[in-house]
Amino acid sequence: MNKVLGFIALAFAIIRKTPFGNSLTIDLAKAAVDGEQLGADDETDLLAVSCSSTNYIGHQVGTHAVEIEDAYLRLDKAIADFLSYLNEKVGKGNYLVFQCADHGAMNNARFL
């Protein structure tokens with residue numbers, strides 16, 4: 001059984017270092033909105049979502065790599081899709097979104 005759990009943990013560790021980790025996170029956020037019926041009544045709900053794959057990818061390949069560009073382009077599309085989903089599910093103007101980051105990054109030493 002431990003080998004199976006180890007394999008699952010490794011699979012998730014690999015996913016978070018790809019743009020698809022962010023896509024999966026957004027899909028889980030949608031499932032949370034649906035499953036918990038967030039925004040369905042007059043009570044204030046809070047959903048915190050952390051799309052961290054860009055951080056893992058950036059540490060892996062640097063700030064000017066095509067992989068990080070790809071990750072941000074895909075993340076931008078995923079966020080746009082999530083906002084469209086919220087417009088339909090909760091209603092435009094009925095939710096508040098704010099964005100923050102954990103830190104900046106330097107160029108890869110080889111790039112410098």
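This is a predicted model: local features need pLDDT of at least 70, side-chain atom pairs count only at pLDDT 80 or more; totals for chains, interfaces and linings use all residues.

Trainee: Let's start with helices, then. Are α2 and α4 roughly parallel or antiparallel?

Mentor: Their axes lie 9 Å apart and pack at an angle of about 10°. Angles under 35 degrees count as roughly parallel. So α2 and α4 are roughly parallel to each other.

Trainee: And which residues of α2 make that contact?

Mentor: On the α4 side, the contact takes in D70, A71, R74, L75, A78, D81, F82, Y85, L86 and K89. By type, the residues of the contact of α2 with α4 divide into eleven nonpolar, one polar and six charged. From α2 come P19, F20, N22, I26, A29, K30, V33 and D34.

Trainee: Now α3 and α4: are they roughly parallel or antiparallel?

Mentor: Helix α3 covers residues 53–61, and its axis comes within 9 Å of the α4 axis, crossing at roughly 170°. Anything over 145 degrees counts as roughly antiparallel. That makes α3, relative to α4, roughly antiparallel.

Trainee: Which residues of α3 meet α4?

Mentor: α4 brings E67, I68, A71, Y72 and L75 to this contact. The residues involved divide into six nonpolar, two polar and one charged. The α3 residues are T54, I57, G58 and V61.

Trainee: T54 is on that list, so is T54 buried or exposed?

Mentor: T54 lies in helix α3, and beyond its neighbours within four places in sequence it is in contact with N22, I68, A71, Y72 and L75. Its relative accessibility is 9%, and the cut-off for buried is under 20%. T54 therefore counts as buried.

Trainee: N22 turns up there too; which residues does N22 touch?

Mentor: N22 sits in helix α2 and, at 1% relative accessibility, counts as buried. Setting aside residues up to four places away in sequence, N22 touches C51, S52, S53, T54 and L75.

Trainee: How far apart in space are P19 and S52?

Mentor: P19 is found in helix α2, and at 11% relative accessibility it counts as buried. Leaving aside its neighbours within four places in sequence, P19 is in contact with I57, D70, A71 and R74. P19 and S52 are 33 residues apart in sequence, yet C-alpha to C-alpha they are 9.4 Å apart.

Trainee: On to the rings: are F82 and Y85 stacked or edge-to-face?

Mentor: The count of aromatic pairs comes to one. Its rings, in F82 and Y85, have centres 6.1 Å apart and planes at 20°. Planes under 30 degrees apart count as stacked, so the pair of F82 and Y85 is stacked.

Trainee: What separates F82 and Y85 along α4?

Mentor: Both residues are buried. They are three residues apart in helix α4, which spans residues 66–91, so the separation is about one helical turn.

Trainee: And K30, is that lysine buried or exposed?

Mentor: K30 is in helix α2, residues 19–35. Not counting residues up to four places away in sequence, K30 touches D81, F82 and Y85. Its relative accessibility is 18%, and the cut-off for buried is under 20%, so K30 counts as buried.

Trainee: What about the loop between α2 and α3: what is the phi of Q37?

Mentor: Q37 is found in that loop between α2 and α3. It is exposed, with a relative accessible area of 57%. Its phi is positive, in a residue other than glycine, and near 55°.

Trainee: Last one: how many disulfides does the structure hold?

Mentor: A disulfide is a covalent bond between the sulfur atoms of two cysteines. For C51, which counts as partly exposed at 21% relative accessibility, the closest cysteine sulfur is in C100, 11 Å away and too far for a bond. C100 counts as exposed, at 68% relative accessibility. The number of disulfides is zero.

Methods: Residues are numbered from 1 along each chain as its sequence is written. Side-chain values use heavy atoms; hydrogens and water are left out. Rings of Phe, Tyr and Trp (its six-membered ring) pair if their centres lie within 6.5 Å; planes under 30 degrees apart count as stacked, over 60 as edge-to-face and the rest as tilted. Helices (H or I, at least four residues) and strands (E, at least two) are DSSP runs, numbered from the N terminus. Buried means under 20% relative accessible area, exposed over 50%, partly exposed in between (1.4 Å probe, protein chains only). Contact means heavy atoms within 4.5 Å. A disulfide is a pair of cysteine sulfur atoms within 2.5 Å. Axes are lines fitted to C-alpha atoms, for helices over the stretch in contact, and angles run from 0 to 180 degrees between N-to-C directions. Angles under 35 degrees count as roughly parallel, over 145 as roughly antiparallel, 65 to 115 as roughly perpendicular and the rest as oblique. Ala, Val, Leu, Ile, Met, Phe, Trp, Tyr, Cys and Pro count as nonpolar, Asp, Glu, Lys and Arg as charged, and the others, Gly among them, as polar.
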